[in-house]
Amino acid sequence: MTTTTSASRRLTSTDLALIAAFAALIAVCALLPAINVGAGLVPITLQTFAVLLSGAVLGAKRGFLAVMLYLAVGAAGVPVFSGGAAGLAVFAGPTAGYLIGFPLAAALCGFIVERLPREKVATSIPLIFAAGLFSSALLIHTLGILGLAWRADMSLAAAAKIDLAFWPGDVIKNLAMATVATAVHRAFPDLLPARRK
């Protein structure tokens, strides 16, 4: 590995600022009023919008780090989780699977978006929407169902039934995310990491 390659993989001050800004955006979206479903076990919030936007705008690595920073701040006791919750106890509750899925979904969404043709990133809402919805379905919903079944002591079928309530909102949030992400990429065409040759 050359010094140049090693230096290019380090996070710059701009990267750190973007990671912090998107972590803050996730916190704000989590703290907005939520809708409780499934006997109040898991609230519907705008978190997933901000989580997937982090990946779609920043790319896999920085999107993942933004969500991890958000989770670390909440785990440390800052009330940034839905409803103003905080601390490690949140990761032992029924929402644990969804929280674990957040950084993975941001990374996958970013990974997919990074591989789209650059002109499509700034113009194709359907492609970014598909990247977000696929990432959410594969990681957030799947891990969320498993977490619900485990931490709320219910069957997988019962957990999946609760999770169904999130799908209409998820489709809308991913559409909004794709609209915002394409607009950001039109305004800042060099925001995504450069492709390695």
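Colleague: What span should the 19 residues of helix H2 (residues 13-31) have at 1.5 Å a residue?

Modeller: Helices (H or I, at least four residues) and strands (E, at least two) are DSSP runs, numbered from the N terminus. The expected span of a helix is 1.5 Å times one less than its number of residues. H2 should therefore span 27 Å, and its end C-alpha atoms are 27 Å apart, which agrees. Please note that this is a predicted model, in which local features need pLDDT of at least 70 and side-chain atom pairs count only at pLDDT 80 or more, while totals for chains, interfaces and linings use all residues. Residues are numbered from 1 along each chain as its sequence is written, and side-chain values use heavy atoms, with hydrogens and water left out.

Colleague: Which residues of H2 are buried, and what covers them?

Modeller: A residue is buried under 20% relative accessible area, exposed over 50%, and partly exposed in between (1.4 Å probe, protein chains only). In H2 the buried residues are Asp15, Leu18, Ile19, Phe22, Ala23, Ile26, Ala27, Cys29 and Ala30. Their cover, judged by contact (heavy atoms within 4.5 Å), includes H3 and helix H4 (60-75).

Colleague: How may I read helix H9 in this way, and which of its residues are buried?

Modeller: Helix H9 comprises residues 167-187, 21 residues in total, and reaches 30 Å from its first C-alpha to its last, close to the 30 Å expected. Asp170, Lys173, Asn174, Met177, Ala178, Ala181, Thr182 and His185 are its buried residues. Seen down the axis of H9, they fall within an arc of 170° (taken from the directions from the helix axis to the C-beta atoms), so they line one face of the helix. Pro168, Ile172, Arg186 and Ala187, on the other side of H9, are exposed. The cover over the buried residues of H9 includes strand S2 (42-44), helix H3 (47-58), helix H5 (96-114), helix H6 (118-121) and helix H7 (125-151).

Colleague: What relative accessible area does Ile172 have?

Modeller: Ile172 in helix H9 has a value of 59% and is therefore exposed.

Colleague: Is Ser136 buried or exposed, and which residues does Ser136 contact?

Modeller: Ser136, a residue of helix H7, has a relative accessible area of 0% and so is buried. Beyond its neighbours within four places in sequence, Ser136 contacts Leu52, His141, Asp170 and Asn174. Two of these, Asp170 and Asn174, are among the buried residues of H9.

Colleague: Which phi does Asp153 have, and where is Asp153 placed?

Modeller: Most residues other than glycine have a negative phi. Asp153, although not a glycine, has a positive phi of about 55°. Asp153 stands in the loop between H7 and helix H8 (156-164). Its relative accessible area is 71%, so Asp153 is exposed.

Colleague: What volume does the second largest pocket have, and which residues are closest to its centre?

Modeller: Rolling a probe the size of a water molecule over the atoms shows where empty space is left. On a 1 Å grid over the protein atoms alone, a pocket is an open set of points where a 1.4 Å probe fits, with protein on both sides within 12 Å along at least five of seven lines; lining residues have an atom within 4 Å of a point. A volume is the space filled by probe spheres set on the points, which are joined across faces, edges and corners. The second largest pocket has a volume of about 280 Å³. Of its 21 lining residues, Val42, Pro43, Gln47, Tyr98 and Phe102 are the closest to the centre. S2, H3, H5, H7 and H9 each give two or more residues to this lining.
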